[in-house]
Amino acid sequence: MESNVEMTAWEYGHKYGYKSVGGSFPVEGYGLFEAKDDGTELTMHMKMQAGSFFKVAEGLVAKQMEKQLDASFDALKLVLESEEINAA
């Protein structure tokens, strides 16, 4: 799933916000960063207005989105923790 978004809030290291600017359905959300002993925790909140098909399949869509986000963040974590990045 792809969407064009506009940043609506930015507090470096603390918070970001966004909303869709086109696409199939409206999406808006924000993320909060919290320092932890072993790194940083990112908590994401997302709200979307789905069409009739997505309302019927809401649970499946939510699970698929969560799965995609988990995979994306796992890949990002690997890149950020790689020796190449840490050596820079």
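1. In strand 3, glutamate 28 is the bridge partner of lysine 19. Lysine 19 belongs to strand 2, where it stands opposite glutamate 6. Strands here are DSSP runs (E, at least two residues), numbered from the N terminus. Two of them pair if DSSP finds at least two bridges between them.

2. On the model itself: it is predicted, so local features need pLDDT of at least 70 and side-chain atom pairs count only at pLDDT 80 or more, while totals for chains, interfaces and linings use all residues. Residues are numbered from 1 along each chain as its sequence is written, and side-chain values use heavy atoms, with hydrogens and water left out.

3. Now the pairings, in order. Strand 1 and strand 2 (residues 15–20) run antiparallel and are joined by 6 bridges. They form a hairpin with 3 residues between them, and glycine 13 in the turn has a positive phi of about 75°.

4. Strand 2 is joined to strand 3 by 5 bridges, again antiparallel. This hairpin has 6 residues between its strands; in its turn, glycine 22 has a positive phi of about 125°.

5. Strand 3 (residues 27–36) and strand 4 are antiparallel too, with 10 bridges.

6. Tyrosine 16 and tyrosine 18 make a stacked one, 6.2 Å centre to centre with 20° between the planes. Rings of Phe, Tyr and Trp (its six-membered ring) pair if their centres lie within 6.5 Å; planes under 30 degrees apart count as stacked, over 60 as edge-to-face, the rest as tilted.

7. Are these two tyrosines buried or exposed? Tyrosine 16 counts as buried because its relative accessibility is 13%. Tyrosine 18 counts as buried at 10%. The cut-offs are under 20% relative accessible area for buried and over 50% for exposed, with partly exposed in between (1.4 Å probe, protein chains only).

8. Lysine 15 lies over the face of tyrosine 30, 5.8 Å from the ring centre. The criterion is NZ of Lys or CZ of Arg within 6 Å of the ring centre and within 35 degrees of the ring normal.

Conventions: Helices (H or I, at least four residues) and strands (E, at least two) are DSSP runs, numbered from the N terminus.
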